[in-house]
Amino acid sequence: MTVTEMMPFGVLIPLIAAPICALLPGRFLPWLTAMLAAVLSALVMAQVLPAAVDEPLRYAFGNWPPPIGIEFRVDAVNGFIGLLVSLMATVILPWARISVNQEIPERQGLFYALFLLAFSGLMGITLTGDAFNLFVFLEISSLSTYALVAMGRPKTAPLSAFRYLIMGTLGATFYLIGVGMLYIMTGTLNMADLAERLPAVADTRAVQAGFAFIVVGIGVKLALFPLHRWLPGSYANAPSAITVFLSSTATKVAVYALLRLVFTVFGIGFAAAMPYAEIFFILGLAGILLPSLWAIQQDNLKRLLAYSSVAQIGYIILGISLLSVTGLTSGLVHLFNHAIIKAALFMCVCTVIYQTGSARISAFQGLGRQMPLTMLAFVLAGLGLIGVPLTAGFISKWVLIQAAIEQDLWLAVVVILIGSLMAVIYIGKVAEAAWIQPPVEGRAPVKEARAGLLIPMYVLVFATYYFGIDTRLTLDFATAGANVLIGATP
Amino acid sequence: MGWLGLFNYWIVVVLMMIGFYTVVSRGNMAKKIIGLNLFQTSAFIMFISAGKILGGSTPIYREGIEVYSNPLPHVLILTAIVVGIATTAVGLALAVRIHENFGSIEDDLLSEDDSDDETST
């Protein structure tokens with residue numbers, strides 16, 4: 001079996017494992033199936049990525065050649081994202097087993113089936129080379145995510161899920177309308193084919209409207225700043241395992257979809273002719289500052305980190321609004337680094353929720369002495385989020401600042417620094433409560449979490465520092481990806 | 001083509017705006033889902049209208065026919081309709097759960113924020 005034939009299995013393995021999972025009884029077997037599917041999918045992607053860097057891998061389903069059939073097409077960009085998603089699923093699942101046992105004691109088969117569907121949907125968005133197929137995978141992952149969010153323990157979880165459903169479906173339908181307009185103008189849905197035929201009709205109102213519909217539609221999915229309203233509630237109310245998984249993958253994959261459509265399908269020339277860069281630049285700046293401010297005001301730590309996620313999306317959007325190789329590199333690197341860092345932070349907070357049952361900051365008082373390892377991990381990952389040197393967060397902010405300086409955008413540099421300072425405040429707020437304030441009076445001492453929860457957390461913390469020191473994997477693939485997107489030869 | 005020739009597209013625009021306005025302006029979850037359905041349906045009609053080719057025959061291969069209508073949009077929209085039904089079903093199921101929890105499906109009256117202490121129960 002060649003690498004090209006193996007590539008679709010990155011999506012197919014979790015997709016096939018999902019219905020099997022739904023039928024399995026008990027707790028251990030469904031988890032084991034999900035775990036195996038995630039590991040196999042990650043192994044496939046680890047094989048695919050090195051092979052796809054030089055020449056894109058193309059697999060035509062049912063042997064129908066691409067303009068007629070649907071193809072999967074993997075190059076440096078989506079190979080990189082696909083590996084990230086499958087690796088995150090692999091790291092999170094061992095942690096999830098313990099947390100899910102507490103939060104969803106019954107019918108875990110269905111839970112893991114939905115998890116696998118969401119996972120395979122995200123992988124599908126990443127690997128597909130067909131604009132309509134992307135819509136289908138988008139809805140597979142979204143629908144399973146709505147159901148997963150509604151499984152959260154808070155009474156308001158279904159309400160958050162409903163609001164997410166309304167926003168998400170509007171976004172997906174916007175995308176569908178945009179794709180429809182492109183199809184009407186070009187007669188094709190294959191992305192590579194669209195890229196060839198669009199320049200001839202680029203000056204028409206229909207294609208420009210299609211561009212706007214697609215950008216707004218995917219903007220909802222990636223929680224672009226003014227369209228982010230669904231995110232904090234969903235992250236705060238979803239089961240812990242799902243919060244960790246979504247925070248590190250769902251918005252990242254949507255960012256990838258945006259990059260693929262704007263740069264590969266429409267092309268950088270078209271994007272530069274539309275007021276795309278200006279709008280994204282302003283939304284990026286506002287998206288860094290306002291959500292950071294809201295994060296500082298939050299009492300519920302899951303909600304605090306959710307707002308922080310919206311702010312981090314702001315950095316990525318700022319990077320890709322610069323329309324330069326350095327800017328796109330910073331966007332891709334931050335996408336990878338933020339996925340790791342935010343998953344580590346959410347794991348720490350959710351581990352505390354597991355031990356104490358509360359996400360409020362008051363519950364964190366004095367935890368530094370009672371759960372030293374968990375809170376140490378929180379501080380270490382928090383330093384990564386702030387962007388302290390030697391952490392992965394520093395690398396992405398460094399590249400982003402370089403990209404801004406290249407174009408003399410000093411306003412952006414100032415905003416990035418202010419954003420980092422605000423991160424110091426909201427991470428510091430938690431660290432201060434945990435390490436300096438005395439423990440809550442009248443509460444039985446909280447025990448340190450068990451090893452099964454701590455090990456995945458420290459794997460991610462280690463990755464935060466590893467990718468801050470050895471940037472070969474992240475920076476090289478991100479640069480290769482940025483070159484592919486811009487259309488320059490690497 | 002006069003405006004009558006673009007009749008389908010006028011319907012698309014009108015339906016799209018009615019649906020979108022309903023989703024945004026109504027608090028009642030059942031009405032929101034109805035609006036969402038209208039909005040999706042308008043996108044479906046747009047695709048299907050685009051499949052019609054003037055003077056084209058039904059897309060079944062026959063002797064003596066040169067021009068066929070495009071069948072692909074119909075196939076795409078079949079998929080999209082299935083997705084729409086699934087979304088409606090999940091949305092209504094969530095509305096039922098919300099009604100069980102709060103005794104109301106008025107979105108404006110409910111707040112996500114008061115849930116923060118519920119994690120401890």
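Helices (H or I, at least four residues) and strands (E, at least two) are taken here as DSSP runs, numbered from the N terminus. In this predicted model, local features need pLDDT of at least 70 and side-chain atom pairs count only at pLDDT 80 or more, while totals for chains, interfaces and linings use all residues. Residues are numbered from 1 along each chain as its sequence is written, and chains are lettered from A and ligands numbered from 1 in the order in which they are written.

Of the 121 residues in chain B, 27% are buried, that is, with 20 or more other C-beta atoms, placed from the backbone, within 10 Å of their own.

Turning to where the chains meet, 34 residues from chain A and 30 residues from chain B take part in the contact, two residues being in contact if their C-beta atoms, placed from the backbone, lie within 7 Å. On the chain A side, helices H6 (131–150), H7 (157–186) and H10 (230–237) each give two or more residues, and H7(A) supplies the largest share, 14 residues.

Within chain A, the axes of helix H14 (residues 301–321) and helix H15 (residues 325–356) come within 8 Å and cross at roughly 170 degrees; axes are lines fitted to C-alpha atoms over the stretch in contact, with angles from 0 to 180 degrees between N-to-C directions. H14(A) is therefore roughly antiparallel to H15(A), a term for angles over 145 degrees.

Technical notes:
Angles under 35 degrees count as roughly parallel, over 145 as roughly antiparallel, 65 to 115 as roughly perpendicular and the rest as oblique. A residue is buried if 20 or more other C-beta atoms lie within 10 Å of its own, exposed if 12 or fewer, and partly exposed in between; C-beta atoms are placed from the backbone.
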